[in-house]
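Student: I have a structure open that I have never looked at before, and I would like to walk through it with you. Could you take my questions as they come?

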Amino acid sequence: MNTEILGVVLQWVCLVVLCYPLGRYIAKVYKGERTWSDFMAPAERWVYRICGIDPNVDMNWKQFLKALLAVNLFWFLWGMILLVCQGWLPLNPDGNAGQTASQAFNTCISFMANCNLQHYSGETGLSYFTQLYVIMLFQFITAACGMAAMAGIMNALKGKTTKAIGNFWVFMTKSVTRVLMPLALLVGILLIINGTPMSFDGKQTLRTLEGNEQVISQGPAAAIIPIKQLGTNGGGYFGVNSSHPLENPNAFTNMLECWAILIIPMAMVFALGFYLRRKKLAWCIFGVMLFAYTAGIVISVSQEMGGSRQIEAMGIAQDMGSMEGKEVRIGSAASAMWGMTTTVTSNGSVNSMHDSQTPLSGMMQMLNMQINCWFGGVGVGWMNYFSFLIIAVFISGLMVGRTPEFLGKKVEAREMKIATLVVLLHPFVILVGTALSSWLAVYDPELASAWLNNPSFHGLSEMLYEYTSSAANNGSGFEGLTDNTDFWNISTGIVLILSRYFPIVGQVAIAGLLAEKKYIPESAGTLKTDTGTFSLMTFVVIFIVAALSFFPALALGPIADYLTI
């Protein structure tokens with residue numbers, strides 16, 4: 001078997017095998033059962049005491065959301081101040097200046113929304129102080145918020161009839177201390193062993209073999225890279241992200257980081273099954289997600305290893321596949337695997353330039369983010385799938401002539417309306433943003449020339465990808481687009497706010513409303529949601545919504561790009 005293909009298969013197996021026990025552990029953490037990480041309890045009690053939190057008080061869904069939004073607002077203001085003032089703050093040996101107001105706005109919103117869309121280069125755009133006390137801090141906070149939101153929904157769905165869905169602060173704290181920090185420590189140690197820097201020294205000037213001088217950035221990279229992957233954040237410590245040889249030194253670190261991107265989103269599906277004691281339901285959901293993810297890998301890997309059609313037409317051999325925009329030490333198959341992994345989650349880190357991948361690979365990456373529920377972010381990925389579940393339950397119930405039910409609770413018009421609004425918001429903000437930028441490109445070519453470097457179908461693909469990545473809280477980009485302008489900073493910032501917080505509010509509200517309803521025991525006529533038939537129904541609903549919403553735009557972008565090569 002080709003060595004590159006073997007690496008892809010090995011990584012896929014490691015993910016599938018290890019996510020199950022991790023999911024069981026996460027469920028125990030949220031249920032308050034005994035685990036090996038109980039030694040963190042004193043530190044957690046100290047945090048509760050300092051912050052004036054009573055961990056024994058449960059919240060209703062409105063109080064839960066109020067706490068979640070309040071913590072995000074506080075840290076947003078914190079980040080804005082530090083980013084604008086970073087030129088005057090300590091731990092800045094390279095003398096990097098503060099960000100502009102629009103760039104700081106975009107950066108703060110992006111990292112608070114778990115998107116990490118970067119309109120700056122890490123080496124020159126941030127100091128070590130802001131890398132640690134804004135970027136790394138936010139990557140822990142935003143991941144923990146998503147996990148806490150899912151824990152609240154699981155708690156709401158577990159109860160018979162209740163208004164309480166758990167304590168947001170407890171779920172958030174345990175997400176950091178019991179899940180994210182231990183895994184980040186493990187991954188960080190492995191990265192340091194393999195050559196990723198962990199220091200506070202400034203840039204180092206070296207002389208190359210050719211006799212030229214080269215300036216190399218350093219810093220506390222090994223502290224930040226693990227959580228950027230594990231929390232499905234994705235922000236690059238270096239400007240070229242995980243294609244940088246210090247951020248991703250070799251084949252082992254490439255597999256480790258790619259594994260870290262997806263392990264928690266996969267595990268959260270099984271955490272649902274263990275928490276609700278409905279493992280069959282979890283397996284059904286996991287099967288749908290895994291099928292879609294694996295299909296994307298097969299298509300993208302075959303496209304990238306097959307090489308570029310333009311180069312093939314010139315009669316030039318492509319033994320390594322399509323290597324434009326890729327690192328030789330990583331290869332075309334591992335780059336394609338990463339591209340699929342980072343876009344089925346809300347991670348967005350890259351080990352190759354997505355703009356340089358073949359058109360069908362680029363389309364698959366966009367489609368992953370446009371569907372936005374194949375594993376997704378830590379916690380929020382399953383929550384997006386939850387919205388489609390509610391719609392599928394409602395449609396299926398109407399088809400068989402029964403009142404729709406999910407986990408013993410009736411799904412009625414109010415829940416259906418919220419779920420529909422959540423699902424339709426995603427294509428709305430993407431397509432409106434793309435339409436606006438396309439109109440500007442035609443109406444004011446001089447303005448558009450400052451950021452649009454590619455014409456025709458590929459130029460449309462770049463703009464479509466930027467808004468898709470923002471709406472999916474992903475953060476990767478087609479880098480032919482010059483995005484550090486007021487227009488892109490502000491417009492994508494608005495998309496980020498709407499796409500992060502509106503769905504969370506809606507999904508937690510649905511769970512809270514269902515929790516308050518009278519529990520209906522299962523009977524012979526109950527619609528089963530843990531069967532292959534219902535799983536297929538959910539997949540079809542998701543696919544139809546995505547196809548109807550995005551196919552026209554994809555036809556004008558990557559599909560037209562592919563057909564005109």
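Student: Where in α7 does the kink lie, and about how many degrees is it?
Tutor: Keep in mind that this is a predicted model, so every value here is computed from it. The kink in α7 is about 40 degrees and lies at Leu180, shortly before the proline Pro182.

Student: How many residues does α7 have, and what distance does it reach from its first C-alpha to its last?
Tutor: Helix α7 covers residues 168–193, which makes 26 residues, and it reaches 36 Å from its first C-alpha to its last, close to the 38 Å expected at 1.5 Å a residue.

Student: And what's going on at the start of α7 and just after it?
Tutor: At the start of α7, a side-chain oxygen of Asn167 comes to within 2.9 Å of the backbone nitrogen of Trp169. Just after the helix, Gly195 has a positive phi of about 110 degrees.

Student: Switching to α1, where is its kink?
Tutor: In α1 a kink of about 30 degrees lies at Cys19, shortly before the proline Pro21. The end C-alpha atoms of α1 are 42 Å apart, which agrees with the 42 Å that its 29 residues should span at 1.5 Å a residue. The helix is followed by Gly32, whose phi is positive and near 80 degrees.

Student: Which helices do the buried residues of α1 pack against?
Tutor: They pack against α6, α7, α9 (251–276), α10 (279–306) and α12. The buried residues of α1 include Leu15, Cys19, Leu22, Ile26 and Tyr30.

Student: Which residue of α7 forms an aromatic pair with Tyr30?
Tutor: A search of the whole structure finds 28 aromatic pairs, and in one of them Tyr30 is paired edge-to-face with Phe171, at 5.7 Å centre to centre and with 80 degrees between the planes. The pair links distant parts of the chain, with Tyr30 in helix α1 (residues 3–31) and Phe171 in helix α7, 141 residues apart. Tyr30 and Phe171 are both buried.

Student: Why is the pair of Tyr237 and Phe238 described the way it is?
Tutor: The ring centres of Tyr237 and Phe238 are 4.9 Å apart and their planes are at 80 degrees, so the pair is edge-to-face, given that angles over 60 degrees fall in that class. Both Tyr237 and Phe238 are buried.

Student: How many residues are in the largest nonpolar core?
Tutor: That core has 170 residues, and those with the most contacts inside it are Tyr30, Phe168, Ile264, Tyr293, Trp374, Phe406 and Val508. Helix α6 (residues 128–158) gives the most to this core, with 21 residues.

Student: What does Tyr293 touch, and which aromatic cluster is it in?
Tutor: Leaving out residues up to four places away in sequence, Tyr293 touches Trp12, Leu15, Leu262, Met266, Met337, Met340, Thr341, Val344 and Phe375. Tyr293 also belongs to one aromatic cluster with Tyr20, Phe270, Phe274, Trp283, Phe286 and Phe375.

Student: New topic: where is Ser346, and which side chains does it make polar contacts with?
Tutor: Ser346 is found in the loop between α12 (332–344) and α13 (359–371), and it is buried, with a relative accessible area of 3%. Its side chain is joined to that of Asn114 by a polar contact of 2.9 Å, and it makes another with the side chain of Thr232 at 3.3 Å. Beyond four places in sequence, Ser346 touches several residues, among them Asn233, Gly376, Ala472 and Asn474.

Student: And Gln357, buried or exposed?
Tutor: Gln357, found in the loop between α12 and α13, counts as buried at 6% relative accessibility.

Definitions and conventions. Residues numbered from 1 in each chain as written. Predicted model: local features only at pLDDT ≥ 70, side-chain atom pairs only at ≥ 80, totals over all residues. Heavy atoms only, no water. Helix = DSSP H or I, 4+ residues; strand = E, 2+ residues; numbered from the N terminus. Buried < 20%, exposed > 50% of the residue type's maximum accessible area, 1.4 Å probe, protein only. Polar contact = N/O pair within 3.5 Å; in protein donor to acceptor, adjacent residues only side chain to side chain. Contact = heavy atoms within 4.5 Å. Expected span 1.5 Å × (residues − 1). Bend = angle between axes of the 7 residues up to and from the residue. Core = buried A, V, L, I, M, F, W, Y, C linked by side-chain atoms within 4.5 Å. Phe/Tyr/Trp six-rings, centres within 6.5 Å; stacked < 30°, edge-to-face > 60°.
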